[in-house]
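Okay, thanks everyone for coming.

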Amino acid sequence: MNQSLAHIALIVRDYDEAIDFYVNTLGFELVDDSYQAEQDKRWVVVRPRGTGTCSILLARASSPDQERYVGDQAGGRVFLFLRTDDFWRDYHALVE
């Protein structure tokens, strides 16, 4: 059996705000941003640049219950671990 993670869903407050953070702050690439008319939602997928294949599905909260979890989906634990080939380069770029 050959399995791998394809997408990790992340509940966000606003699609464009989340795209801006992941693409313009973290340097991820925008893989897909398409409107899903039947659900009145967008299918927004971002992923780190590089050789990895796992991506993040940015899912807008669709209820007050879901909105409560924006920013705390992992119960205060670290949610994602990003691997890089040069930690200090990326750290300094993010600090700027």
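Let me start with a question: which element gives the largest share of the lining of the largest pocket? It's α3, with six residues. Before I go on, the ground rules. This is a predicted model, where local features need pLDDT of at least 70 and side-chain atom pairs count only at pLDDT 80 or more, while totals for chains, interfaces and linings use all residues. Residues are numbered from 1 along each chain as its sequence is written, and side-chain values use heavy atoms, with hydrogens and water left out.

Back to the pocket. The largest pocket holds about 890 Å³ of space. Of its 27 lining residues, F28, P48, F81, L82 and R83 are the closest to the centre. The elements that give two or more residues to that lining are α1 (15-25), β4 (55-60) and α3. By pocket I mean, on a 1 Å grid over the protein atoms alone, an open set of points where a 1.4 Å probe fits, with protein on both sides within 12 Å along at least five of seven lines; a lining residue has an atom within 4 Å of a point. The volume is the space filled by probe spheres set on the points, and points are joined across faces, edges and corners. Helices are DSSP runs of H or I with at least four residues, strands are E runs of at least two, and both are numbered from the N terminus.

Now the rings. How many aromatic pairs does the structure hold? Five. Rings of Phe, Tyr and Trp (its six-membered ring) pair if their centres lie within 6.5 Å; planes under 30 degrees apart are stacked, over 60 edge-to-face, and the rest tilted. One of the pairs is Y22 with F28, a tilted one, at 5.5 Å centre to centre with 55° between the planes. Are those two residues buried or exposed? Y22 counts as buried at 10% relative accessibility, and F28 counts as buried too, at 5%. The cut-offs there: buried is under 20% relative accessible area, exposed is over 50%, and partly exposed is in between, with a 1.4 Å probe and protein chains only. Ring pairs also link F21, Y22 and F28 into a cluster.

Then there's F87 with Y91, a stacked pair: 6.0 Å centre to centre, 15° between the planes. Those two are four residues apart in helix α3, so about one helical turn separates them. Y91 sits in that helix, residues 87-95, and is partly exposed at 39% relative accessible area.

F87, W88, Y91 and V95 make a nonpolar surface patch of about 480 Å². Patch residues have over 30% relative accessible area and no salt bridge; nonpolar side chains (Val, Leu, Ile, Met, Phe, Trp, Tyr) are joined within 5 Å, like charges within 9 Å. Areas come from Shrake-Rupley with a 1.4 Å probe, and for residues only the protein chains shown count as cover.

On to charges. There are seven salt bridges, each a side-chain nitrogen of Lys or Arg within 4 Å of a carboxyl oxygen of Asp or Glu. Take D16 and R42, whose closest N and O atoms are 3.0 Å apart. That pair links distant parts of the chain, with D16 in helix α1 and R42 in strand β3, 26 residues apart. D16 is partly exposed at 47%, and so is R42, at 23%. D16, D33 and R42 are linked in a network of salt bridges.

Another one is R47 with E29, at 3.0 Å, N to O. R47 lies in strand β3 and E29 in strand β2, so this pair ties together parts that are 18 residues apart in sequence. R47 has 26% relative accessibility and E29 23%. R89 and D90 also meet in a salt bridge, at 2.8 Å, N to O.
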